[in-house]
Amino acid sequence: MVSVKYQNIGCAYDDFIVVQGFDLEIPHGTITTLLGPSGCGKTTVLRALAGFVEPFEGNVFLGDKDITVLPPQNRNTAMIFQNYALWPHLTIFKNVEYGLKLRESEEQATLEAPWYSKIFWMTKPYYWIKKIPYKIGTFFARFKKSTESKEPPTTYVEKKAAIDKKYDYRRKKVFDVLKLVHLEDQADKLPTQLSGGQQQRIALCRAIVVEPDVLLCDEPLSNLDAKLRREIRTEIRSIIKKIGMTTVYVTHDQEEALAISDRIAVLHEGIIQQYGTPTEVFSDPQTLFVAQFIGSSSTLTGKVVGKNEAILESGETIKYIIKEDIPTGTSVSLVIRPENILLDSKTECPIEYQINTIEYLGTEVKMTGTLKDGTIMLVDVLEDAEKYAKMNVGDNVTGYLIPEEVFVFVDGKRVY
Ligand code: ATP
């Protein structure tokens, strides 16, 4: 298991800077999600770790190793994509085996690299940093007598035995990972003979079979329907946790992020707004963006007009939420979750709205409403659902805010 560190990285496409001064430490063995709206730079940050995007400044570390300029094939990472990216003409077994074979041939290629290919790498400082201790080691090693025969297999029988041994090794590994997703009996099928969910499980197998230091997931569930997404995310999480692999997961779906992650970095325009556990980002948002982006909420905006008092843009006065330390005249944003607006018991913070939509979901009633200035209110009634389900669109209702559950922001930053 390996940790990941982004140190002050900046990434750009030509002149367009996507992220700058980006710092993030991802502990080993955790599933960490980069969460944010489309275009905020999540994939770019992920690609900088995979080696497909080279930062123009800063460093990326895998464990203690600086991998900033290392080519993708020399980083021990594996990626799962949104579109599965399975070979359509290869069976499931061969698709999963493919990565293992590729690594074998990469090892071969490293051994057989011609002398002139080294010239390029000799111009890089890290070539010498790696090479000098290696050269010293091999110089002394020649004085030690080796007990093992280094002769490669020469006869047909020996060569076949060597190939069979490699195949048996790959076959065992492939079936071990297929068993993890309970698809070992589908090994001879083609990808087109599997459902979308099964194909994504195979994509996961193909990534983890090579035992990467870090597993990278780029919106892997976006092509699946909502029910399947929920099922597969639970399965992916339990498999990753079972094998204990460090994982960086990218999504714009906040529910998926909350369900699958150990830690979430919420991004907005290339900047980390908050980094914490799912409970921290949901229950203790530090910026207005995080409060609005994670979970459902209503935002009331207004101005402080005195001790313990603010006037909303809708003209209503809100009391008992504003504390004394916010000066009169300050613009404030109040964010409240739908379940913290009550209809069945009164608090000291009433607010009137008109019902726009109403849905009875058996154990709860979900309402949307508007204040006088058009501000949208989301209200979830969890008690006495049947009673409130009888209300109608257009009814005027008084909801009661729970003051201690309201997040208060000044200039986008949380005050309390
Ligand atoms: P999404 O969720 O839509 O994939 P994202 O948060 O992953 O978005 P990125 O794909 O990292 O965002 O893109 C960040 C910004 O960089 C976007 O404005 C995008 O248009 C731009 N961008 C991404 N790839 C390229 C590219 N190859 N060339 C130029 N601009 C790019």
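**Figure 1. Polar contacts of the D262 side chain in the predicted model**. The side chains of D262 and R237 are joined by a polar contact of 3.1 Å. A second polar contact, of 2.7 Å, links the side chain of D262 to that of K241. D262 sits in the loop between α8 (254-260) and β9 (263-268).

**Figure 2. Surroundings of D262 beyond its sequence neighbours**. With neighbours within four places in sequence left aside, D262 is in contact with G29, T30, I31, R237, K241, T277 and P278. Two of these residues, R237 and K241, also take part in the side-chain polar contacts of Figure 1.

**Figure 3. Helix α1 and the residue that follows it**. Helix α1 spans residues 42-50 and is mostly covered, with 7 of its 9 residues buried. The buried positions are K42, T44, V45, L46, A48, L49 and A50. Just after α1 comes G51, whose phi is positive, at about 100°.

**Figure 4. L401 in strand β19**. Strand β19 covers residues 396-401 and includes L401. The relative accessibility of L401 is 0%, so this residue counts as buried. Leaving aside neighbours within four places in sequence, L401 is in contact with L300, I318, I321, I336, N340, I341, T347, C349, I351 and V406.

Figure 5. Taken along the principal axes, the C-alpha atoms fill a box of roughly 90 × 50 × 35 Å. Of the 416 residues, 44% are buried. Among contacts between residues at least 6 apart in sequence, 68% join residues at least 24 apart. The chain exposes about 22600 Å², of which carbon and sulfur atoms supply 53%. There are 49 positive and 56 negative side chains, and the centres of these two sets lie 10 Å apart.

Terms used: Residues are numbered from 1 along each chain as its sequence is written. This is a predicted model: local features need pLDDT of at least 70, side-chain atom pairs count only at pLDDT 80 or more; totals for chains, interfaces and linings use all residues. Side-chain values use heavy atoms; hydrogens and water are left out. Buried means under 20% relative accessible area, exposed over 50%, partly exposed in between (1.4 Å probe, protein chains only). Contact means heavy atoms within 4.5 Å. Accessible areas come from the Shrake-Rupley method with a 1.4 Å probe; for residues, only the protein chains shown count as cover. Lys and Arg count as positive and Asp and Glu as negative; His and the chain ends are not counted. The place of a charge is taken as NZ of Lys, CZ of Arg, CG of Asp or CD of Glu. Helices (H or I, at least four residues) and strands (E, at least two) are DSSP runs, numbered from the N terminus. A polar contact is a pair of N or O atoms within 3.5 Å; within protein, one must be able to donate a hydrogen and the other to accept it, and residues adjacent in sequence count only if both atoms are side-chain atoms.
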